[in-house]
Amino acid sequence: MPETPAQWYARVSAALEADGYRESDLQQWSSWPWTGTLTPKPLEPPAEVEPDRHGAGGVDCRSCATGLDPQAGGAVWWDDLFYVGAGLDSSLPFAAFLMPRRHADLGDLTAAEAARQGELLTAIEDAARASLSIPRIQVARWGDGGEHLHWWLYARPTGMLQLRGTFLSHWDDLLPGRATEEVRADARLWAAELVQRVGGQLPEG
Ligand SMILES: [Zn+2]
């Protein structure tokens, strides 16, 4: 029988009380962005009710607005099912998000949408590698902020080994960004490569 959230919390809390947190060697990782001693926060109990995420039920959903009009919404590529936006505030050579045009979370996609999503993830990596000096892209779906499905796609500069792995998005929060026009210019390059691979549309102008 799987644990309920309350059972999970009771068991983990009791183990923490008895033995404390597990030993972590994060500070020894070359990719860990910070120095200094880490102190874990006390573990909080589960909420009775999960809070609504942004755009719950499609109401006032900013991502739906871009899905309806990708050109006005600032998308850098789109087709009938999906659009791609660029992470304009990012410090990285590549940061983008892939989203369905309609309001849907991951488990809501039709088989056709899921198939196109898989094709796009592969093509975006290929297009980005063809136009930028990056080794590969990282793919993350957190999903806790907004209900409308959004995949975060990141890449570090080739050879920047310190940025490898789990902490790339944290490094991105710390490192200074670039001029928006430079980010957009790079996005035009990889979006054009994407069109060559999977079709779709680019913004005018
Ligand atoms: Zn939406």
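How many residues does the hairpin that joins β1 to β2 run through? The hairpin joins these strands through three residues. The model shown here is predicted, so to speak of local features a pLDDT of at least 70 is needed, side-chain atom pairs count only at pLDDT 80 or more, and totals for chains, interfaces and linings use all residues. Residues are numbered from 1 along each chain as its sequence is written.

The protein holds six helices and five strands. Both are DSSP runs numbered from the N terminus, helices being H or I of at least four residues and strands E of at least two. Along the sequence they follow the pattern α-α-α-β-β-β-α-β-β-α-α. The C-alpha trace spans about 60 × 40 × 30 Å along its principal axes.

The five strands form an open, antiparallel sheet in the order β1-β2-β3-β5-β4; two strands pair if DSSP finds at least two bridges between them. β1 (77-78) and β4 (138-140) stand at the edges with a single partner strand each, so one side of each has no neighbour in the sheet. Two bridges link β1 and β2, with Trp 78 opposite Tyr 83. Between β2 and β3 there are five bridges, and Gly 85 has Phe 97 as its bridge partner in β3. At the other end, three bridges join β4 to β5 (residues 151-155), where Gln 138 is partnered by Tyr 154. Helix α4 (residues 111-131) packs on this sheet, touching β2 (82-86), β3 (94-100), β4 and β5, and its direction makes about 165° with that of β3. Such angles run from 0 to 180 degrees between N-to-C directions, with axes fitted as lines to C-alpha atoms, for helices over the stretch in contact.

What lies inside? A residue is buried if 20 or more other C-beta atoms, placed from the backbone, lie within 10 Å of its own. Buried residues make up 22% of the 205 residues. Five of the five residues of β2 are buried, so this strand is largely enclosed by the rest of the structure. Phe 82, Val 84 and Ala 86 point one way from β2, while Tyr 83 and Gly 85 point the other way.

Leaving aside neighbours within four places in sequence, Leu 98 is in contact (C-beta atoms, placed from the backbone, within 7 Å) with residues including Val 84, Ile 124 and Leu 153.

Definitions and conventions: Two residues are in contact if their C-beta atoms, placed from the backbone, lie within 7 Å. A residue is buried if 20 or more other C-beta atoms lie within 10 Å of its own, exposed if 12 or fewer, and partly exposed in between; C-beta atoms are placed from the backbone.
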